[in-house]
Amino acid sequence: MALQALQSSGVAFRKILSHFPEELSLAFAYGSGVYRQVGPSSDQKNAMLDFVFTVDDPVAWHSKNLKKNWNHYSFLKVLGPKIITTIQNNYGAGVYYNPLVMCDGRVKIIAMNENVALRSALDKNLKSAVTTAFLMLPESFSEEDLFIEIAGLSYSGDFRMVVGEDKTKVLNIVKPNIAHFRELYGNILQENPQVVYKIQQGRLEIDKSPEGQFTQLMTLPKTLQQQINHIMDPPGKNRDVEETLLQVAHDPDCGEVVRLGLSAIVRPSSMKQSTKGIFTAGVKKSVVYSSLKLHKMWKGWLRKTS
């Protein structure tokens, strides 16, 4: 997968890695700068490029990156790599974010070491996304319906969707990229015994019986299961998670309960991460970045009302 991505991305995509320390477990890019979107993010040429580096030793990596790219960091750089790593790991989503960095090239997945644990986690994450989306969809739905639910998982409860993001963001991501979503999730859908996947028609049917939903609930990530348990467990009952999930599986509002659990995870994390961004980015960059987001939201609103 990494080799294919490198070959298809071209020299311009790979050059970006030369600006950073080499010790990367995974490097990938996302957003309108990589995949075509409709709406206010459709200008790929000038779109901001978001990318993520995964590293095994954040302290060592930040130490090297501070030497190579001192100007990428906010005032926190003077505190050194250990403090930067502490802020990265202990607040928000566990990510240290440097916005508005000037760098050449555009990338998708551009590097990935042969790390079995990381590969397993990525595969598990894809399957968890599918299962979570199933629980929030009706018995029969289209591929587009499914991919919209999947793409919207990380925005569920995100306060930035109220202020700062285009309200049609998820739809704008999915519509021009159906083929990419199909490529990413196709095998999972075909191999899932609970799904009837009518590829030619682009339709799916899922087992919505209490037994089927219980099976799906039991394969959700533990954090989401615990959030659902916290929402549904009355004071003084102290039921175990499995008992709560069995009740939810019989509930006609099962999908809404799952959505509430998602929001309970995303909301505090997004708020903490955004607050942390003021310090990791610096006040000036934060103001510029927020202004760009608000401008994009305003353009999306104008398109919708025109």
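Modeller: Quick note before we start: contact here means heavy atoms within 4.5 Å. And this is a predicted model.

Colleague: Fine. Which residues does threonine 244 touch, not counting residues up to four places away in sequence?

Modeller: On that count, threonine 244 touches Ile228, Asn229, Met232 and Arg239.

Colleague: And where is threonine 244 placed?

Modeller: In helix α10, which covers residues 241–249.

Colleague: Buried or exposed?

Modeller: Buried, because the relative accessibility of threonine 244 is 0% and the cut-off for buried is under 20%.

Colleague: What joins the side chains of threonine 244 and asparagine 229?

Modeller: A polar contact of 2.5 Å.

Colleague: OK, helices then. At what angle do α9 and α10 pack?

Modeller: About 75 degrees, with the axes 9 Å apart; α9 is residues 222–232. So α9 is roughly perpendicular to α10.

Colleague: Which residues make that contact?

Modeller: From α9 you get Gln225, Ile228, Asn229 and Met232, and from α10 Val241, Thr244, Leu245, Gln247 and Val248. By class, five are nonpolar, four polar and none charged.

Colleague: Switching topic: how do the axes of α4 and α5 cross?

Modeller: At roughly 115 degrees, coming within 9 Å, where α4 is residues 116–135 and α5 is residues 143–152. The two helices are therefore roughly perpendicular to each other.

Colleague: Left-handed or right-handed crossing?

Modeller: Right-handed, as α4 passes α5.

Colleague: Which residues meet there?

Modeller: Ala129, Val130, Ala133 and Phe134 in α4 meet Leu146, Glu149 and Ile150 in α5. That contact has six nonpolar residues, one charged and no polar ones.

Terms used: Residues are numbered from 1 along each chain as its sequence is written. This is a predicted model: local features need pLDDT of at least 70, side-chain atom pairs count only at pLDDT 80 or more; totals for chains, interfaces and linings use all residues. Side-chain values use heavy atoms; hydrogens and water are left out. Axes are lines fitted to C-alpha atoms, for helices over the stretch in contact, and angles run from 0 to 180 degrees between N-to-C directions. Helices (H or I, at least four residues) and strands (E, at least two) are DSSP runs, numbered from the N terminus. Angles under 35 degrees count as roughly parallel, over 145 as roughly antiparallel, 65 to 115 as roughly perpendicular and the rest as oblique. A crossing is left-handed if the near helix is turned anticlockwise from the far one by less than a right angle, and right-handed if clockwise. Ala, Val, Leu, Ile, Met, Phe, Trp, Tyr, Cys and Pro count as nonpolar, Asp, Glu, Lys and Arg as charged, and the others, Gly among them, as polar. Buried means under 20% relative accessible area, exposed over 50%, partly exposed in between (1.4 Å probe, protein chains only). A polar contact is a pair of N or O atoms within 3.5 Å; within protein, one must be able to donate a hydrogen and the other to accept it, and residues adjacent in sequence count only if both atoms are side-chain atoms.
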